Amino acid sequence: MGLRIGATVIDAHDPGPVARFWAEALGWVISHDQDPEWVVEPAGGTREDCVVPDLLIIKVPEPKTIKNRLHFDLRPEDQAVEVARLEALGATRVDVGQGDSRWVVMADPEGNEFCVQPAHRPELRAAWLQAYESYQRVDS
């Protein structure tokens with residue numbers, strides 16, 4: 001198959017703060033920073049480079065008005081630590097009707113929702129980490 005997702009697009013009234021938030025949150029880099037398009041992507045040479053879709057933050061004239069139909073689920077090592085760190089970066093906790101759930105629903109600086117999941121059970125995390133650490137980049 002010759003098709004892959006190149007970018008996930010986020011609409012923003014002011015793309016700069018949204019791009020800076022996601023770059024800091026994910027430990028990625030801003031590779032393009034001029035309106036109307038900002039690009040946030042994994043740093044070159046990392047495991048995620050050319051594998052994980054970039055984030056393309058597009059300037060739009062209207063503000064966000066309704067709940068996202070698509071959102072990120074983030075899986076941290078420590079949920080409480082990451083929620084606090086994301087709040088320090090400008091994220092806020094939001095209620096989208098999730099009720100009493102194990103995940104925390106948050107929003108970026110322009111209100112785009114995302115979830116911070118609880119950490120994987122230790123045995124699942126160990127298996128994932130083993131696969132992640134054994135990754136060998138194949139350059140073409």
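Phe21 counts as buried at 3% relative accessibility, where buried means under 20% relative accessible area, exposed over 50% and partly exposed in between (1.4 Å probe, protein chains only). The structure is a predicted model, in which local features need pLDDT of at least 70 and side-chain atom pairs count only at pLDDT 80 or more, while totals for chains, interfaces and linings use all residues. Residues are numbered from 1 along each chain as its sequence is written, and side-chain values use heavy atoms, with hydrogens and water left out.

**Aromatic pairs**

Four aromatic pairs are found in a search of the whole structure. Rings of Phe, Tyr and Trp (its six-membered ring) pair if their centres lie within 6.5 Å; planes under 30 degrees apart count as stacked, over 60 as edge-to-face and the rest as tilted. Two of the pairs involve Phe21.

| Pair | Centre to centre | Angle between planes | Class |
|---|---|---|---|
| Phe21 and Trp22 | 5.1 Å | 85 degrees | edge-to-face |
| Phe21 and Phe114 | 6.0 Å | 45 degrees | tilted |

Because Phe21 lies in helix H1 (residues 15–26) and Phe114 in strand S8 (residues 113–116), their pair ties together parts that are 93 residues apart in sequence. Helices (H or I, at least four residues) and strands (E, at least two) are DSSP runs, numbered from the N terminus. Trp22 is buried, as is Phe21, and Phe114 is buried with a relative accessible area of 0%.

**Asp108**

The loop between strand S7 (104–107) and S8 holds Asp108. Asp108 is buried yet has no salt bridge, and the nearest side chain of opposite charge, Lys64, is 8.1 Å away. A salt bridge is a side-chain nitrogen of Lys or Arg within 4 Å of a carboxyl oxygen of Asp or Glu; Lys and Arg count as positive and Asp and Glu as negative, with His and the chain ends not counted. The Asp108 side chain does make a polar contact with that of Trp22, at 3.1 Å. Such a contact is a pair of N or O atoms within 3.5 Å; within protein, one must be able to donate a hydrogen and the other to accept it, and residues adjacent in sequence count only if both atoms are side-chain atoms.

**The chain as a whole**

The protein chain has three helices and eight strands, following the pattern β-α-β-β-β-β-α-β-β-β-α along the sequence. Of its 140 residues, 29% count as buried.
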